[in-house]
Amino acid sequence: QVQLVESGGGLVEAGGSLRLSCAASGRDFSSYAMGWFRQAPGKEREFVAAISSWNGGNTYYTDSVKGRFTISRDNAKNTVYLQMNDLKPEDTAVYYCAASRSPLTARVKIQSNEYAYWGQGTQVTVSS
């Protein structure tokens, strides 16, 4: 089992940057595929970015963040990151980190129901 704690959210002006971190506790972090999702007020939770287990060789992004956001992982620190550049007001949401045990596949996972573990979320607010 793994527990996830997000940090790094905050208030930023449009065009600015933030780096979200998701620290995982528990064993075998490297065997988990990781993802970031977000939920804006009044909207459903949506997929943002995902990274495969082990060396994180596979990544995937929703179209609206491609070229602006980068997901990465540091297995030595049991941490996954989401670097967010050129932020826009429509990026405003609570951002959630998620983990899915995936020791046998390098497939990224983009559906929320593929993830068994979730963090509590961190608020990102982008002002115009």
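Ser31 is placed in the loop between strands S3 and S4. Strands and helices here are DSSP runs numbered from the N terminus, with at least two residues (E) for a strand and at least four (H or I) for a helix. The model is predicted, and local features need pLDDT of at least 70, side-chain atom pairs count only at pLDDT 80 or more, and totals for chains, interfaces and linings use all residues. Residues are numbered from 1 along each chain as its sequence is written, and side-chain values use heavy atoms, with hydrogens and water left out.

**Ser31 and its surroundings**

Ser31 has a relative accessible area of 2% and is buried. Buried means under 20% relative accessible area, exposed means over 50%, and partly exposed lies in between (1.4 Å probe, protein chains only). The side chain of Ser31 makes a polar contact with the side chain of Arg101 at 2.5 Å. A polar contact is a pair of N or O atoms within 3.5 Å; within protein, one must be able to donate a hydrogen and the other to accept it, and residues adjacent in sequence count only if both atoms are side-chain atoms. Leaving aside residues up to four places away in sequence, Ser31 touches Ser53, Trp54, Ser100, Arg101, Ser102 and Pro103. Contact here means heavy atoms within 4.5 Å.

**The disulfide**

A disulfide is a covalent bond between the sulfur atoms of two cysteines. In this model a disulfide is assigned to a pair of cysteine sulfur atoms within 2.5 Å. The structure holds one disulfide. This disulfide joins Cys22 to Cys97, with an S to S distance of 2.1 Å. Cys22 lies in strand S3 (residues 18-25) and Cys97 in strand S9 (residues 93-101), so the pair ties together parts that are 75 residues apart in sequence. The angle about the S-S bond is -75°, and the link of Cys22 and Cys97 is left-handed. Cys22 and Cys97 are both buried.

**Salt bridges**

A salt bridge is counted when a side-chain nitrogen of Lys or Arg lies within 4 Å of a carboxyl oxygen of Asp or Glu. By this rule there are five salt bridges. The table gives some of them.

| Pair | N to O distance |
|---|---|
| Arg38 and Glu46 | 2.6 Å |
| Asp91 and Arg38 | 2.9 Å |
| Glu114 and Arg107 | 3.0 Å |

Arg38 is buried at 5% relative accessibility, and Asp91 is buried at 1%. Glu46, at 35%, is partly exposed. A network of salt bridges links Arg38, Glu46, Arg68 and Asp91.

**Loop residues with positive phi**

Asn78 is not a glycine, yet its phi is positive, at about 50°. Asn78 lies in the loop between strand S7 (69-74) and strand S8 (79-84). Asp86, likewise not a glycine, has a positive phi of about 50°. Asp86 is in the loop between S8 and S9. The relative accessible area of Asp86 is 40%, and this residue is partly exposed.
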